[in-house]
Amino acid sequence: MPEQKGVESMSADTLLCPDCGTQLAVPSRRARGAWRCPCCDSQLSGAWTLRPDSLLALTVATAVLWLPALILPLMRLENLGLDREASLLDCVLRLMEGVYFPVGVLLLFTLVFMPLLNLLSAGRLLWAARGHTPSAQPDPFWMKIYRQSREWAMTDIFLLGILIAMTKLGDMATVTPGPGLFCLVVAVFLRLIVETLAQPDQLQRLLEARNGD
Amino acid sequence: MAINPPPRQQRALAWSLLIAAMVWLVPANVLPIMAVTETGRGKASTIADGIWQLFEAGMPGIAIIVFVASLLVPLFKVLVLAVIYWRAPRENNPLTSTRAYRLVYWIGRWSMLDVFVVALLAAVVEFGNLARVEPGPGIIAFALAVVLTMLSAHAFSPQQLWIQDPDGADHGHA
C-alpha cells in the first residue's frame, strides 16, 4: 500500500481506501489479521488493538541501540596481517568523498536521517497515544513524518547488503562481525515489530478516539 | 483528508520522473559501479559483472538476490509503471493495475541494495595498493534511477485508476 498516502482516516469511525477511494465504516469487531478493502483488496489496517505502552517501550529500546549501531564497527576485515573496521557512519562518509557526494547524501538520508526521524515520530505519536500530551489531537506533521520515514528508512535493506558484502569478502580476507552489526540487527528487528504493529492509520484513529473522549 | 492534484497533473509529473529514471538506467547498467584493486591491479565491474562473479565464486543464492534486486526489479518497475500510467486515462481493469502498482511500490526500495553493498565494500576494503574498492560512476546513475522511480510511483495515485478521467484522451503525456 502506498505509504505516503496511507489509509486516510476521515474520522475515528470511517476509513477511506487510499488505492481506490472507497469509503468504509470501521468494523467494530477486534480480531487478529488485517482489514482489506472489498473493492481493490488493499490492506487497510491491522485489526488488532494497539498497545501504545508496549510499542513505546520497544521504540525506546530501538533508540538506545541506535547510536552504537551507527558508530560501532559492523565488521572487521583481516588481510595479510592488516586489519580494518568500518561502521555504518564510515560507509556514509566514505561515499561523501569526492564526486560521489550525492550518493553519500542519499545514504545519509536513508540510513541515518530517516531512521532517526522514524524513531522520533513513532515515539512522539505513541507518547501522545498514551494520553501524556495536553491535546491528543493527531499531529499532522509527525504523522506525515512517520508515514514517509517508514518507506525511506532503509536499514533493513542495508542489513541484507552487509550479508552480501560479507559473502563477497569471504574469498578475499577473514571477516569478523562487529558489535555494531549486533546492535543494528536488533534495532532493525525491533523497528520492524513497531512498524508492523503501529500502522499509521491505526495510530491516527487511536489519537482521534482519545481526543473524542 | 489529503487532497491529490488533478489526475492529468499527477500523470505528467509521474511520467517525467519515470522517463528521467529510464534515462539514468542506461549508464547505471553500462558504467562500472565499482573498481576492485588487488596487488596493484585494478578491475572495474558493472552490475552484471558483479552478479556473474558471484555465480563463478559458487554463490548462486546471493547472485540471484543481487540479480533480482539490482537488474530485474529496476527494469521491471519502470516497464510496469509505464504500462500503468499509459492505461490510466481509460483503465478498464483497475484491480489488476492497482495490484501491479502496489507490488511495484513495495519492491522499489529494495533496489538500493547494490548502492549499500558498494558503500560497505568501499569503506571496509582500504588496504592501500594491496586491496582497495573504489565506487564507480555507475553507482551515481543507479542511485538516481532508483530514487527517481520511487518518486515517480509516489507522484501517482492509484485512485485515478478507479475514476473515469474526462481529459483522458491524452493518454498521460505531459
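Good morning. Chain B contains six helices and three strands; helices (H or I, at least four residues) and strands (E, at least two) are DSSP runs, numbered from the N terminus. The model is predicted, so local features need pLDDT of at least 70 and side-chain atom pairs count only at pLDDT 80 or more, whereas totals for chains, interfaces and linings use all residues. Residues are numbered from 1 along each chain as its sequence is written, while chains are lettered from A and ligands numbered from 1 in the order in which they are written.

Let me begin with chain B. Read from the N terminus, its elements follow the order α-β-β-α-α-α-α-β-α. Of the 174 residues in chain B, 47% are buried, that is, 20 or more other C-beta atoms, placed from the backbone, lie within 10 Å of their own.

Next, the sheet. Three strands of chain B form an open, antiparallel sheet in the order β2-β1-β3; two strands pair if DSSP finds at least two bridges between them. Strands β2 (41–45) and β3 (131–135) of chain B each have a single partner strand, so one side of each has no neighbour in the sheet. Five bridges join β1 (residues 34–38) of chain B to β3(B), and B:A35 has B:E134 in β3(B) as its bridge partner. Helix α5(B) lies across β1 and β3 of chain B, at about 140° to β3(B).

I now turn to the two chains together. In total, 42 residues of chain A are in contact with 38 residues of chain B, contact being defined as C-beta atoms, placed from the backbone, within 7 Å. On the side of chain A that touches chain B, α5(A) provides the largest share, nine residues.

How do α5(A) and α5(B) pack, and at what angle? Helix α5 (residues 155–169) of chain A and helix α5 (residues 113–124) of chain B pack at about 55°, with their axes 8 Å apart. Axes are lines fitted to C-alpha atoms, for helices over the stretch in contact, and angles run from 0 to 180 degrees between N-to-C directions. The two helices are therefore oblique to each other: angles under 35 degrees count as roughly parallel, over 145 as roughly antiparallel, 65 to 115 as roughly perpendicular and the rest as oblique. Among the residues that meet here are A:I157, A:F158 and A:L160 in α5(A), and B:L113 and B:F116 in α5(B).

Thank you for your attention.

Methods. Contact = placed C-beta atoms within 7 Å. Buried ≥ 20, exposed ≤ 12 C-beta atoms within 10 Å, placed from the backbone.
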